[in-house]
Amino acid sequence: MTAITSKGFGKKIIIGGFIFLTVQYLSYLCIALFARDKPTEHELVGLLDKGPIGLQISVNSKFLQEAKVFDLILWNTMTGGLDRYGFNISHTKIKKFIGLPGVFNTFTTSLVVKRVYTFFVVIFHTREDNFWWHGPLYNDESNTGNSARAKPISDNLQFMRREGAIPRFELEEIKLFHYNFVLPKDIPAFLRATSGSAADFIECNYRAAEIFYRHYNRDTSEEAERFRHQAWKLLSRAKRILNDLEVPFWLSSGTCLGYLRQCDFIPYSQDVDLGVFASDYKEEIIPAFVSHGFELHHTFGILNDSYQIAFKYGKIKLDVFFFYLDQEKGTIWNGGTEARSGRKFKYTFPAFSLCWTEFLDLLVRVPCNTTKYIEANYGPNWQTPVTKWSWKSSPPNSEPNGVWPKDIWSKVINIRGV
């Protein structure tokens with residue numbers, strides 16, 4: 001499997017070099033094993049790689065000869081001359097609704113190149129916030145059967161089954177099997193970014209957002225625009241801090257509702273909400289935010305129960321809610337605390353995994369099934385704006401969760417300046 005990048009999301013001209021991806025030390029073997037002509041035992045040659053992984057692998061020698069020709073032509077002509085050498089080239093494509101006001105665009109997601117063996121070329125499109133996006137293989141809009149042709153390779157590598165986002169990474173040239181290749185410089189980091197569902201990506205529903213704004217005019221007042229600008233700056237800075245600490249986070253509560261419903265912040269919310277699993281907590285979080293210009297506003301709860309950190313950045317508040325897994329019920333929950341009474345509240349969500357998305361040109365995570373997540377917190381009528389909201393009683397998933405004992409209030413209720 002190879003990948004080539006297209007600078008400028010949606011451009012059809014491939015201007016990047018090719019990058020061999022997804023366990024490249026094994027990818028040729030995978031392709032060879034699933035090619036039309038199975039290698040016989042006497043055709044296999046053992047090759048020992050002395051690179052950073054050090055794997056003993058066997059590769060079909062005839063396959064390597066064809067790979068060398070394909071590699072040379074691809075590098076020199078960017079697929080332009082492959083047909084002259086007997087390679088058949090086809091595409092897989094996807095249609096996407098991008099931006100406000102949105103229009104459908106078709107993007108090439110991969111090339112399927114075949115002579116005797118099949119070469120599966122992944123195309124990455126450069127998007128904002130310094131990441132590469134690739135499309136899902138099985139949603140081939142051209143209906144030419146190319147997806148089925150490449151299916152054995154994709155099944156084996158678990159790659160491109162869905163849309164994916166990969167933070168841009170450094171490359172280095174190495175010699176492998178006597179040929180020169182380009183690989184991710186930090187292979188373990190690349191594998192972590194692409195393994196399993198780690199790269200799964202979902203697009204904000206721009207069509208739904210457009211419909212929403214037809215029914216509810218977008219607030220373009222000076223106050224609303226100022227909030228959007230300041231909230232974006234806050235989120236961008238918070239993202240950088242948490243990414244540097246390697247603390248995964250996602251858009252939560254009202255910020256996630258704004259993402260799902262209108263692909264934007266909700267101006268009247270006047271805050272930004274993030275979720276973090278308590279198991280990912282690090283002591284450096286508060287010092288890191290403070291050192292980057294945030295003011296600690298309060299902390300509620302303790303790390304293993306209803307923990308919450310709130311910061312102020314200018315006039316906007318950032319709430320970081322910590323979430324817990326209830327293994328018996330198979331649910332996930334976070335807590336809230338009423339400062340004046342010590343009352344605790346619990347908000348329960350269906351279990352969820354996280355997906356990448358692009359929110360206002362920022363690469364962030366949201367629960368993959370965002371609709372279920374929001375329905376749990378805001379009910380089935382979440383599409384309708386509600387300007388009066390009680391964090392204690394309005395959420396349908398809110399329930400009383402006891403009271404903090406007064407003798408520990410100094411530990412569980414800390415408001416800066418009080």
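Start with the second largest pocket of this predicted model, which holds about 820 Å³ of space. Select Ser253, Asp271, Tyr378, Trp389 and Trp391: of the 34 lining residues, these are the closest to the pocket's centre. Now colour helix H7 (253–262) and strand S13 (271–277), which are among the elements that give two or more residues to this lining. By type, the lining has 15 nonpolar, 13 polar and 6 charged residues.

Next, move to the largest pocket, with about 1,100 Å³ of space. Pro167, Ala193, Asn243, Trp356 and Arg365 lie nearest its centre, out of 32 lining residues. Highlight helix H6 (222–244), which gives the most to this lining, with 7 residues.

Now for the cysteines. Show Cys204 and Cys263, which are joined by a disulfide with 2.1 Å from S to S. Cys204 sits in the loop between H4 and helix H5 (206–215), and Cys263 in the loop between H7 and S13, 59 residues apart. Both Cys204 and Cys263 are buried.

While you are there, select Cys256. Cys256 is buried, at 0% relative accessibility.

Finish at the disulfide between Cys355 and Cys368. Cys355 is in strand S19 and Cys368 in the loop between S20 and H9, so this pair ties together parts 13 residues apart in sequence. Cys355 is buried, at 5% relative accessible area, while Cys368 is partly exposed, at 23%.

Terms used
Residues are numbered from 1 along each chain as its sequence is written. This is a predicted model: local features need pLDDT of at least 70, side-chain atom pairs count only at pLDDT 80 or more; totals for chains, interfaces and linings use all residues. Side-chain values use heavy atoms; hydrogens and water are left out. On a 1 Å grid over the protein atoms alone, a cavity is a set of points where a 1.4 Å probe fits but cannot get out, and a pocket is an open set with protein on both sides within 12 Å along at least five of seven lines; lining residues have an atom within 4 Å of a point. Grid points are joined across faces, edges and corners, and a volume is the space filled by probe spheres set on the points. Helices (H or I, at least four residues) and strands (E, at least two) are DSSP runs, numbered from the N terminus. Ala, Val, Leu, Ile, Met, Phe, Trp, Tyr, Cys and Pro count as nonpolar, Asp, Glu, Lys and Arg as charged, and the others, Gly among them, as polar. A disulfide is a pair of cysteine sulfur atoms within 2.5 Å. Buried means under 20% relative accessible area, exposed over 50%, partly exposed in between (1.4 Å probe, protein chains only).
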